[in-house]
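User: I am new to this structure. Could you show me how to read it, one feature at a time?

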Amino acid sequence: MLRERNVQFFSTIYIIKNYNTRINTKISPHLGKLSFKNLLNYSPNLMLWGGASVVGLFVFVEGWPLFQQTLFQRIPVVGKHWAQKHSEEN
Amino acid sequence: MSFQSLYKLVFRRNSVFIGSIFLGALVFQTTFDVGINKFWSTYNKGKLWDDVKYKLENGDTEEE
């Protein structure tokens, strides 16, 4: 009986000694300060930035015949302006 | 449009602000181009190639 209790006692101590007392944290995947959650929170703003940069690109590409023919001519109402421009050249 | 609604619509986010600047530039440069061309063709009516082309092609070349 005593022997059994001793074993139990020591085994308990043994278990206690093996307890992991640190806080179990898990680091989410990230690249510097960028993480998936961060990107998700920024996504509406990032989409707006994408739109702004596309419009900005259009400003500088407006006079380029390739873009006039493939893109600007096909805008429903105002597209006529670039279509006329190109027919004059021909 | 009050300034507050303008602020909410345009200035609140920098992305929208810069996007609207670019959009304004695109619209302005196109309308300016159209307007100046229209002014030029009305101001110089009768002297431009489009007006003279048919005359010259039909042999009405008094100068030459």
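Analyst: We will go through the fold, an annotated stretch, the surface and the interface, keeping in mind that this is a predicted model.

User: Which helices and strands make up the secondary structure of chain A, and how many are there?

Analyst: Count the elements, then read their order. Chain A has four helices and two strands. Starting at the N terminus, they run α-β-β-α-α-α.

User: Which residues of chain A does the UniProt annotation "transmembrane region" cover?

Analyst: It covers residues 46–67 of chain A, and it comes from an unreviewed UniProt entry. An annotation can be set beside the model. Over residues 46–67 the chain is 86% helix and 0% strand, with 25 Å between the C-alpha atoms at the two ends.

User: How many of the residues of chain A count as buried?

Analyst: Buried here means under 20% relative accessible area. By that cut-off, 14% of the 90 residues of chain A are buried. The chain exposes about 8,300 Å², and 64% of that is supplied by carbon and sulfur atoms.

User: What is the area buried between chain B and chain A?

Analyst: Interface size is often stated as the accessible area lost when the parts come together. Between chain B and chain A about 1,200 Å² is buried, with carbon and sulfur atoms giving 72%. On the chain B side, S15(B), F22(B) and L26(B) lose the most area to chain A, together 40% of what that side buries. In terms of contacts, 14 residues of chain B meet 14 residues of chain A.

User: How many salt bridges and polar contacts does the rule find across this interface?

Analyst: The rule finds zero salt bridges between chain B and chain A, and three residue pairs in polar contact.

Technical notes. Residues are numbered from 1 along each chain as its sequence is written. Chains are lettered from A and ligands numbered from 1 in the order in which they are written. This is a predicted model: local features need pLDDT of at least 70, side-chain atom pairs count only at pLDDT 80 or more; totals for chains, interfaces and linings use all residues. Side-chain values use heavy atoms; hydrogens and water are left out. UniProt positions are given in the numbering used here, feature names are shortened, and annotations may be inferred rather than shown by experiment. Buried means under 20% relative accessible area, exposed over 50%, partly exposed in between (1.4 Å probe, protein chains only). Accessible areas come from the Shrake-Rupley method with a 1.4 Å probe; for residues, only the protein chains shown count as cover. Contact means heavy atoms within 4.5 Å. Buried area is the accessible area (1.4 Å probe) that two parts lose on being put together, summed over both. A salt bridge is a side-chain nitrogen of Lys or Arg within 4 Å of a carboxyl oxygen of Asp or Glu. A polar contact is a pair of N or O atoms within 3.5 Å; within protein, one must be able to donate a hydrogen and the other to accept it, and residues adjacent in sequence count only if both atoms are side-chain atoms.
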